[in-house]
Amino acid sequence: MIRYHSVSMGITEDIFGTYCDPDIGEKEVKRYTLTCKSGIEVQVISYGAGVSAVLVPDKLGNKEHVTLGFDDIKGYEKFGYQGSSVGRRANRICKGKITVDGQTYQLNINNNDNHLHGGKRGWDKYIWESCITDGSVVFSRLSPDGEEGYPGDVLAQVKYNLDDDGSLHIDFEAMTTKATPICMTNHCFFNLAGHCCGQKGLFQHVVKVNADRFTPVSKVLIPTGELAPVGGTAYDLRSPITFGEVLPKAPGQGFDHNFCLHQVRRGELGFAARFHHPPTGRVLEVYTSEPGVQIYTGNFLPEEKGKMVGRNGSSYTYQGSFCCEPQNFPDAVNQPNFPLDIYRPGQPYKHSMMYKFSVEK
C-alpha cells in the first residue's frame, strides 16, 4: 500500500516502490513531490537521489512531463542515470586510472575501457537516506573507502528546493577522509516538447550555451587536454540556434561534449545554458557554480522503438532527449591544465546548480 504524508512547504511524501539492494536486501524507495505557485511540479526519489518527474505547463496551460521517466522502480534499475545524482566522479576518467599524492588507483571500468559516472555501481544505483528539512528534500549517503576503487570515505548530500518562480535548486556537498576526486551532477534527460516527443521535438529546441571554448575528445570521448575555441565549429552555441540546425553539422551528428563556461569565478552561481521550445513556449535555463557543462543529445538511446519503454508505455529512442550536466571538466584528475578535481579532509566539495523552468507566451 502506498503511504502518503502531507508536509508543509508544498512537499508530500509517498513510497514509490521497493528496491532489492544486493548488499542489504529490500528497501523502500521514497518519493517526494514538490509544487510551487507557478504550476511546476517536481518529483524526486531516494533511489539515486534523483529527479523522477518534472511537469511544466505550456503557453496554453497544459501540463506535460518534460523529463524521461518510468512508472516504477524497475525502469530506473534497467536504464541508468535517468534523473540521477551522479558520483563519486561524474563523466569519464581515462582507463579508470587516477594518481593522488603519488599513489595510483585503478577504478572499476564500465565504458569502453574507461570509467564513467562513478563506475559499475555509482551513486545513482543506491538508496539514499532522506528527510524534509526547512522546505527542502535532503538525501545523504556514506560512500566507503575503496568503493569502485576510490580512496577515502565520502559523506555526500544532495538537497532539492523548488522556488515559486519555477527554479529547482540542487545543492551537492561532500566531505572525505582521504584525498579523492569528487564531481557530482544531475543527469536529467529533457524534452521540453514532452517526454514522448522524440527526435522531432528535440530538433525544435532553440539552444544557447554560455561557452567560448570546449574540450575536444578522442573516439572514446576522453578529452585530449586541449581547450579549443568554439568559433567556426559546430560547438559554437553562443547565439541561439536550433538542435535541428546544428546537430547535422556536428561530428557524429550529435553532442556528448564538455563546454567550458564563461565564468566569473568558480563557486558562484552563473548562467550556463538556455533551451526554448517555441511551439509550447517552455523554457529551461541552467545555472551552475562549476566551470563546465556536458551537453548530451541522447546519441546512445536505442534507435529501435520498444527497446526502452518509459512512462505510460512511451518509447524513448535515439536523440529523443538532451542532458545538460553542470560539472567540472571530464578526466580533470589526469589533465593538469583542467580545474581542481581532488578534495582533501577538511576541504568540503560544494556544487550548486539550478534548473529554472518558465513559459514564453
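Which residues does H187 touch, not counting residues up to four places away in sequence? The legends below take up this residue and then other parts of the model. This is a predicted model, in which local features need pLDDT of at least 70, side-chain atom pairs count only at pLDDT 80 or more, and totals for chains, interfaces and linings use all residues. Residues are numbered from 1 along each chain as its sequence is written, and side-chain values use heavy atoms, with hydrogens and water left out.

**View 1. Surroundings of H187.** H187 touches Y81, Q82, G83, S84, V86, H117, C323 and E325, residues up to four places away in sequence not being counted; contact means heavy atoms within 4.5 Å. The side chains of H187 and H117 are joined by a polar contact of 3.4 Å. A polar contact is a pair of N or O atoms within 3.5 Å; within protein, one must be able to donate a hydrogen and the other to accept it, and residues adjacent in sequence count only if both atoms are side-chain atoms. H187 sits in the loop between β17 (185-186) and α2 (198-203). Helices (H or I, at least four residues) and strands (E, at least two) are DSSP runs, numbered from the N terminus. With a relative accessible area of 4%, H187 is buried (under 20% relative accessible area; exposed is over 50%, partly exposed in between; 1.4 Å probe, protein chains only).

**View 2. The annotated pair H187 and E325.** An unreviewed UniProt entry lists H187 and E325 under "active site"; UniProt positions are given in the numbering used here, feature names are shortened, and annotations may be inferred rather than shown by experiment. The two span 139 residues in sequence, yet no two of their C-alpha atoms are more than 6.1 Å apart, so they gather at one spot. E325 belongs to strand β26 (residues 323-327) and is buried, at 3% relative accessibility. Leaving aside neighbours within four places in sequence, E325 is in contact with H117, T185, N186, H187, G292, V293, Q294 and Y296.

View 3. β2 (residues 11-21) and β3 (residues 25-35) pair in the antiparallel sense over 10 bridges; two strands pair if DSSP finds at least two bridges between them. Three residues separate β2 and β3 in their hairpin, and Y19 has K27 of β3 as its bridge partner. β3 also runs antiparallel to β4 (residues 41-45), joined by five bridges; here L34 has V42 as its bridge partner. The hairpin of β3 and β4 has five residues between the strands, and G39 takes a positive phi near 95° there.
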